[in-house]
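Hi everyone, thanks for coming. Let me put today's model up on the screen, and then we can walk through it together.

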Amino acid sequence: MALQIWLLNPYQMHYGWGQLCSEVSNLMKPVVKLYDSNSKNKVKFGSVVVTNRYTKPPIASRDLAVYVVPTPLFGFVGTDFGNAGHRQDAGGLTSEPIGVQSCSEAYVGDEEIVGTSGQFIQVDALADKTPHGVFVKKKASPILLAKIIYHELMHYVTPKWSEDKLHNYKGVSIGKLETNEYAPQSEVDIEILAKNLTSHGLRFWTGAWDAIRERGPKE
């Protein structure tokens, strides 16, 4: 049974999804290999499947998922799930659990700008608006975005850890506070995800589609 990872796209955003799925898969393969090598884990994954979805998927308890959204101002963490508010200075964000639910999100673009001098992110869920998307200073490459997604998955599977514990954990690379395109994947990055892959006890919050219908794409 493969490890299923969902890249959730409720805004119907245009991006290089094929390459992003491939980059996330490449980062997760050594995690699955290490997890499967542990004799205590009787059920093995064997492989990784990364899928992007425009509609709400049936996320099973052993699956992992991340919302991929245009910018922090489009996010759900801290507004629709939890109440801590958006963090506009981050590449991604993971919520503190509420009961047994939590969720993570990663941002394609950084700061939104007025005018057309930046890079454009097309968002089909904004079909009733002009332009159908948002301009940002810079879009994340699939390599960088995959590492941001990996970073947020590290937070997701360690719900009892503080942000600082992960960011300052000895030996982490992608797990550091600042995740960049050139950060190598360390053995500790792999070990943290592998050790906690199925023991976190959380279910992913899938209410983003309902939230969009209720409040529109942006507040």
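Predicted model: local features only at pLDDT ≥ 70, side-chain atom pairs only at ≥ 80, totals over all residues.

Residues are numbered from 1 along each chain as its sequence is written, and side-chain values use heavy atoms, with hydrogens and water left out.

Let's start with the empty space. Rolling a probe the size of a water molecule over the atoms shows where such space is left. Here, a pocket is an open set of points on a 1 Å grid over the protein atoms alone, where a 1.4 Å probe fits, with protein on both sides within 12 Å along at least five of seven lines. Lining residues have an atom within 4 Å of a point. Points are joined across faces, edges and corners, and the volume is the space filled by probe spheres set on them.

The largest pocket comes to about 1000 Å³. It is lined by 46 residues, and the closest to its centre are Ala90, Gly91, Gly92, Leu93 and Glu152. Which elements contribute? Helices (H or I, at least four residues) and strands (E, at least two) are DSSP runs, numbered from the N terminus. Strand S4 (92-94), helix H2 (142-156) and helix H3 (163-167) each supply at least two lining residues, and H2 gives the most, with six. By class, this lining has 18 nonpolar, 18 polar and 10 charged residues. For those classes, Ala, Val, Leu, Ile, Met, Phe, Trp, Tyr, Cys and Pro count as nonpolar, Asp, Glu, Lys and Arg as charged, and the others, Gly among them, as polar.

The second largest pocket has a volume of about 200 Å³. Its lining includes Leu34, Tyr35, Trp161, Tyr169 and Lys195. Helices H1 (17-37) and H4 (187-196) each bring at least two residues, with the largest share, six, coming from H4. Seven of the lining residues are nonpolar, three polar and two charged.

Now for the helices. Two packed helices are described by the angle between their axes and the distance between the axes. Axes are lines fitted to C-alpha atoms, for helices over the stretch in contact, and angles run from 0 to 180 degrees between N-to-C directions.

H1 and H2 pack at about 45°, with axes 8 Å apart, and are therefore oblique to each other. Under 35 degrees would count as roughly parallel, over 145 as roughly antiparallel, 65 to 115 as roughly perpendicular, and the rest is oblique. Contact, meaning heavy atoms within 4.5 Å, involves Leu20, Val24 and Leu27 of H1 and Ile143, Ile149 and Leu153 of H2, among others. That contact has 12 nonpolar, one polar and two charged residues.

What about H2 and H4? Their axes come within 9 Å and cross at roughly 45°, which makes H2 oblique to H4. This crossing is left-handed. Tyr150, Leu153 and Met154 of H2 meet Asp189, Ile190, Ile192 and Leu193 of H4, giving six nonpolar, no polar and one charged.

Finally, H1 and H4 pack at about 55°, with axes 8 Å apart, in a right-handed crossing. Met28, Pro30, Val31, Leu34 and Tyr35 of H1 touch Ile190, Glu191, Leu193 and Ala194 of H4.

Thanks, everyone!

Key
Left-handed = near helix turned anticlockwise from the far one by under 90°.
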